[in-house]
Protein chains: 2
Amino acid sequence: MVQNIVFITGNENKLKEVKMLLAPGESEAPVFELTNANIDLPEMQSGSLEEIARIKVSEALKHLPEGQAVFVEDTALCFDEYNGLPGAYIKWFLKSMGPEKIVRMLDGFENKGAEAVTTVAYGDSEGKIHIFQGRTKGKIVEPRGPPTFGWDCLFEPIEGSGGTYAEMEKKDKNKISQRSKAFAQLKEYLYTKAA
Amino acid sequence: MVQNIVFITGNENKLKEVKMLLAPGESEAPVFELTNANIDLPEMQSGSLEEIARIKVSEALKHLPEGQAVFVEDTALCFDEYNGLPGAYIKWFLKSMGPEKIVRMLDGFENKGAEAVTTVAYGDSEGKIHIFQGRTKGKIVEPRGPPTFGWDCLFEPIEGSGGTYAEMEKKDKNKISQRSKAFAQLKEYLYTKAA
């Protein structure tokens with residue numbers, strides 16, 4: 001029987017995407033199955049993205065039966081001129097202000113550089129916590145592309161070909177996004193550990 | 001014997017100021033004595049200042065002997081154009097960017113309006129939580145006055161006579177500040193309850 005791992009999310013699309021990112025290669029046998037739990041976990045204020053994720057998964061472990069492996073993810077958007085902020089708080093700014101006004105947060109600064117960071121915290125079946133982090137550099141631009149997903153329409157990654165995340169094909173975005181980088185690390189860990 | 005109340009702070013100056021704000025009038029007998037405890041309490045991310053304070057004082061109650069009354073305070077700086085943000089996160093912005101750059105967060109907006117909000121959460125001897133909140137409206141200006149205390153040099157209250165908090169005499173600031181308004185409510189509660 002393969003191990004069950006719980007991803008804390010109430011978002012079916014996120015679950016589907018993460019399942020894809022963690023899927024075994026063609027010649028690999030699956031070493032775990034992924035399910036989700038929709039638990040509203042408290043998130044801390046902290047200057048450390050790792051600490052926020054670590055505490056969040058600790059809370060998740062408390063909600064689940066002993067021995068249940070679980071992971072959480074948190075994505076931050078860090079402006080160079082803001083020295084890393086809004087960071088993990090970006091979701092509150094997006095909710096309060098919307099994407100258009102977020103661009104204007106940088107009107108006073110010439111440097112529009114930003115970094116997107118996804119932090120995944122995995123609590124294993126012994127309750128030990130492992131942190132994986134993916135980073136993608138880019139810049140903040142006037143919204144372009146469908147405003148379907150958070151701040152995707154205003155982040156133009158350097159590694160891309162000039163489009164915003166929202167303008168990119170999903171498969172192209174997945175090649176360079178901070179989320180796929182973080183989950184690639186988690187995937188490698190899970191497959192290596194099982195080997 | 002008068003009741004002992006603990007204020008969670010490691011800052012001697014804050015303790016001194018709050019002692020002053022809560023001191024009995026000339027004709028009143030003291031109904032409590034104030035001490036402090038330097039406990040580093042976790043703070044939540046939340047869109048609600050009341051919730052942040054409520055959870056913070058709940059954590060404080062867990063650290064103290066049963067029956068010990070305690071309060072915490074948290075001050076937020078809310079930009080009109082940011083729809084209430086940075087709010088409670090202002091301390092992180094101040095730490096990361098410093099006051100000069102915080103002013104530039106509003107360069108893209110004509111409206112420099114802001115509100116300073118202090119939330120006090122009091123956990124009584126039965127563990128019941130009471131919330132008090134003081135609000136002072138003003139605007140964000142280029143830093144003026146000694147940069148000694150947080151963002152005081154860039155907040156010009158409407159109720160004042162055109163100076164920033166940093167430029168005002170302490171007694172004048174105390175007449176209109178969100179902190180003194182919040183603590184006036186706590187004081188009234190404590191004295192009325194005892195009556």
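First, the ground rules. Residues are numbered from 1 along each chain as its sequence is written, while chains are lettered from A and ligands numbered from 1 in the order in which they are written. This is a predicted model, where local features need pLDDT of at least 70, side-chain atom pairs count only at pLDDT 80 or more, and totals for chains, interfaces and linings use all residues; side-chain values use heavy atoms, leaving out hydrogens and water.

Confidence. pLDDT is the predictor's confidence in each residue, from 0 to 100. Chain A has a mean of 94, and 98% of its residues reach 70 or more. For the complex, the predictor gives an ipTM of 0.92 and a pTM of 0.94.

Symmetry. How does chain A lie on chain B? A turn of 180 degrees and a shift of 0.0 Å along the axis do it, with an RMSD of 0.0 Å. In chain A, the C-alpha nearest the axis belongs to A:Met44, 2.2 Å away. And 100% of chain A's contact residues (heavy atoms within 4.5 Å) recur in chain B.

Now the core. A nonpolar core is a set of buried Ala, Val, Leu, Ile, Met, Phe, Trp, Tyr and Cys residues joined through side-chain atoms within 4.5 Å. Buried means under 20% relative accessible area, with a 1.4 Å probe and protein chains only. The largest such core has 46 residues. Among those with the most contacts inside it are A:Tyr82 and B:Tyr82. These two touch each other. B:Tyr82 also touches A:Phe93, A:Ser96 and A:Met97, among others.

Next, helix 3 of chain B, residues 90–104. Helices are DSSP runs of H or I, at least four residues, and strands are runs of E, at least two, numbered from the N terminus. Where is the kink in helix 3? At B:Gly98, about 105 degrees, shortly before B:Pro99. The angle is between axes fitted to the seven residues ending there and the seven starting there. B:Gly98 is also buried, as is B:Met97. The cover over the helix's buried residues includes helix 3 of chain A.

Last, B:Arg179, in helix 5 of chain B. Buried or exposed? Buried, at 7% relative accessible area. The residues touching B:Arg179 include B:Glu17 and B:Glu73.

Technical notes:
Buried < 20%, exposed > 50% of the residue type's maximum accessible area, 1.4 Å probe, protein only. Expected span 1.5 Å × (residues − 1). Least-squares fit on C-alpha atoms with pLDDT ≥ 70 in both. Lists of a residue's contacts leave out its neighbours within four places in sequence.
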